[in-house]
Amino acid sequence: MRFLKKHCMKEIRKMRNVTALTDGWRFGKRRDEMTDCVTLPHTWNALDGQDGGNDYYRGTCWYARELSGAETAGERLFLEVNGAAMTAEVYLNGKKLTRHEGGYSCFRVELTQALEQNNLLEISVSNEDNTSVYPQKADFTFYGGLYRGVNLISVPAEHFELLKDGTPGIKVTPVVHLETMRATVTVETWHNAPSVDITVNGETKRVERCAQFEIDHVHLWDGVDDPYLYTAVAKLPSGDEVSTRFGCRVFHCNPEKGFFLNGRSYPLRGVSRHQDLKGKGNALSYEDHAADMAIIRELGANTLRLAHYQHAQAFYDLCDENGIVVWAEIPYITMHMQNGRQNTLNQMRELITQCYNHPCIAVWGLSNEITAASPVNEDLLENHRLLHELCHQMDPTRLTTMADVFMLEIDSPILEIPDINSYNLYFGWYLGELEQTDEFFDEYHAKYPNRVIGFSEYGADANPAYHSSHPEKGDYSEEYQALYHEHMLRMIEQRPYLWATHVWNLFDFAADGRDEGGKHGENQKGLVTFDRSLRKDAFYLYKAAWNKKAPFVHLCGKRYTNRCEAETEIKVYSNTDEVTLYVDGTKLATQKGRTVFTFQIPLLGEHLIRAEGEGCSDTMVIRRVSEPDESYIFNKAAASVTNWFDADEIDQSCFSINDTLGEIRAHPQAGAIVDAMMAKGASERGDVADAVKDNPALQRMMGRMTMLSLLKQGGADEESIKQLNRILQGIKK
Ligand code: GCB
């Protein structure tokens, strides 16, 4: 008995032991003043990174914790940091052991040789700006902190590799032969033992490092319908063991037909996600990740762009389990830094090393809108070539892509570097009209029929407090966002060649530099609010188009209760093909259709509206009011300009602000007036105007916008708009 107990103890000691260091941390801005008690995960920007003003604390902070004797037991001891934003240094008993640059990947360091009787672990973490670690310029808050938890890993002397780029120590490459439904699975391991036992699908092989397995009648990882996962386990004679799940699937892209999963057409339609939450910043719990995934499943998306950096392993796991095809990327974003090349390569190496086994990942994203604030020069091209080559050298099984900014010329040499391309386009929001998106892709596809192209970002901000019966670009209304997405959904459905489309963004997220649309510090392009409590109408549009499982009807405009028109539009989003509308209990009409159903109803007083589909219904109350409800209007000054302009008053034989800039410019007199006006505006705006002037793509795009739209975009007041219109109306076409 005694012997047995001793023997077991020894066995336990020998095995891998992982201890989450959650409690007992002291925290502070100075090493000699760590007075706050915190638990991990933790960020110091949970509040100031979300309240606007771009003034959140960006500097160095310190974390410290004593390690107990039990925690440090074992032959070899490693520290695992799953995310320290953005750079970190680890000290044990005052001795610096390592430095890590990059806030989104895991890193480990061995503690064994620095252990003493009593052990004090200190980690300094900095999110201060610098010139070599990405990201430095981007539209999201760079939260600082140990936001993904820290573990101690004790292993026997013979163990799997832990240090190199945060490797899991095991790499699984399944190759699927669809014709025979067989998979050849190669498992590679890294360790310091003479042999390893590798088990896959009930078969164990003792090898030095690598083994190959054949799986007959392979059960495919088949997207959202059937995301089947296998497990590979590797065990050393010392008892150290690692395991990983993997999935057997193949994908490819076709320039005409888009994305294919396991040989069948599988258009990737989904959303992007940032890893933060109102009140918590990026210090998310497993439950937070799982709650996000539940919303993604409810929406019916089959793909996620995990922007703009490496996400938590727990989240890639959830994508594996739910069959979500993922675009994974590094934060090489907005602005190319001359001193940043090595950091991009390091972050990509870590991303691929740490995420390789996830079947969900289909593509590696090299960069995002990198030419937004940088010219396409040799240094930038070389950086992309090196990243692309690194991806292929580490992972010949996946494609590379990048997210291009709208003003990048489609013949730019940078587009030839990644395997497949994608554009972020915001026509109909920041600039231009909705239809320009359609035109952009048509032009691209006609000019480059052999290139695979996707739509990596599109969206419009909406604050669900704002409403309008005449929604317009820039009004932040829930209704404009819904209209915007109705257009995009149709545009996408008509272009099956788009290999993937990703709404920007599933959730509102923190961008502390923003102050707009009635909120401080938030990008409100989410289909769901930052605290996840409210699904905006546009959410249900995509749910109606993508989620075919549970029938539902959704009445739009539920928050738009007070309306002052005599007749109002009732819009229903539904995945059923027939919707009946009842007003105050009386049936108004039944409509057959798909996704979007609209009804006009007279508005007399307060009405109970009820929509019914097959086995589902939704209700709301709206009422007629005499004056517009001011609380629904974001920019009251701009709103007064809206709709003052009646088309009947315009003499169509003369120019007006309803003509496009291109049409006006083609006329010498009208063109000269507009150019002079714009030159004056430009001299007041400096940099931005120069960027527009020098950019042919932007120029072309502006040429297609109406003068009215351009003026509103530029924030012109009602009087100057009317003034220009009067002048243009004096010039015959
Ligand atoms: C972009 C960026 C993304 C921004 C988004 C926006 O193109 O890639 O990071 O948040 O636009 O909302 O402006």
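Biologist: Leaving aside neighbours within four places in sequence, which residues is Phe 213 in contact with?

Modeller: Quick caveat: this is a predicted model, where local features need pLDDT of at least 70, side-chain atom pairs count only at pLDDT 80 or more, and totals for chains, interfaces and linings use all residues. Residues are numbered from 1 along each chain as its sequence is written, and side-chain values use heavy atoms, with hydrogens and water left out. Phe 213 sits in strand E17 (residues 210-215); helices (H or I, at least four residues) and strands (E, at least two) are DSSP runs numbered from the N terminus. Taking contact as heavy atoms within 4.5 Å, the partners of Phe 213 are Ala 183, Thr 184, Val 185, Val 187, Ile 198, Val 200, Glu 203 and Lys 205.

Biologist: Which does Phe 213 count as, buried or exposed?

Modeller: The scale goes like this: buried is under 20% relative accessible area, exposed is over 50%, and partly exposed is in between, using a 1.4 Å probe and protein chains only. Phe 213 has 1% relative accessibility, so the label is buried.

Biologist: What separation do you get between the C-alpha atoms of Gln 354 and Asp 165?

Modeller: Gln 354 belongs to helix H5 (residues 341-355), and at 9% relative accessibility it counts as buried. Its contacts, skipping residues up to four places away in sequence, include Asp 165, Gly 166 and Pro 168. Gln 354 and Asp 165 are 189 residues apart along the chain, and their C-alpha atoms are separated by 7.6 Å.

Biologist: Which strand holds His 502?

Modeller: His 502 is buried, with a relative accessible area of 1%. Beyond four places in sequence, it touches Gly 270, Thr 303, Trp 327 and Phe 455, among others. The strand, residues 500-503, is E32.

Biologist: What arc do the buried residues of H3 cover around the axis?

Modeller: H3 (residues 286-299) has 14 residues and reaches 20 Å from first C-alpha to last, close to the 20 Å expected at 1.5 Å a residue; that expected span is 1.5 Å times one less than the number of residues. Its buried residues are Asp 288, His 289, Asp 292, Met 293, Ile 295, Ile 296 and Leu 299. They lie on the same side of H3 because, going by directions from the helix axis to the C-beta atoms, they cover an arc of only 155°.

Biologist: How are H8 and H9 oriented, roughly parallel or roughly antiparallel?

Modeller: Axes are lines fitted to C-alpha atoms, for helices over the stretch in contact, with angles from 0 to 180 degrees between N-to-C directions. H8 (residues 478-493) and H9 pack at about 25°, with their axes 8 Å apart; among the contacting residues are Leu 489 of H8 and Trp 546 of H9. Angles under 35 degrees count as roughly parallel, over 145 as roughly antiparallel, 65 to 115 as roughly perpendicular and the rest as oblique. H8 and H9 are therefore roughly parallel.
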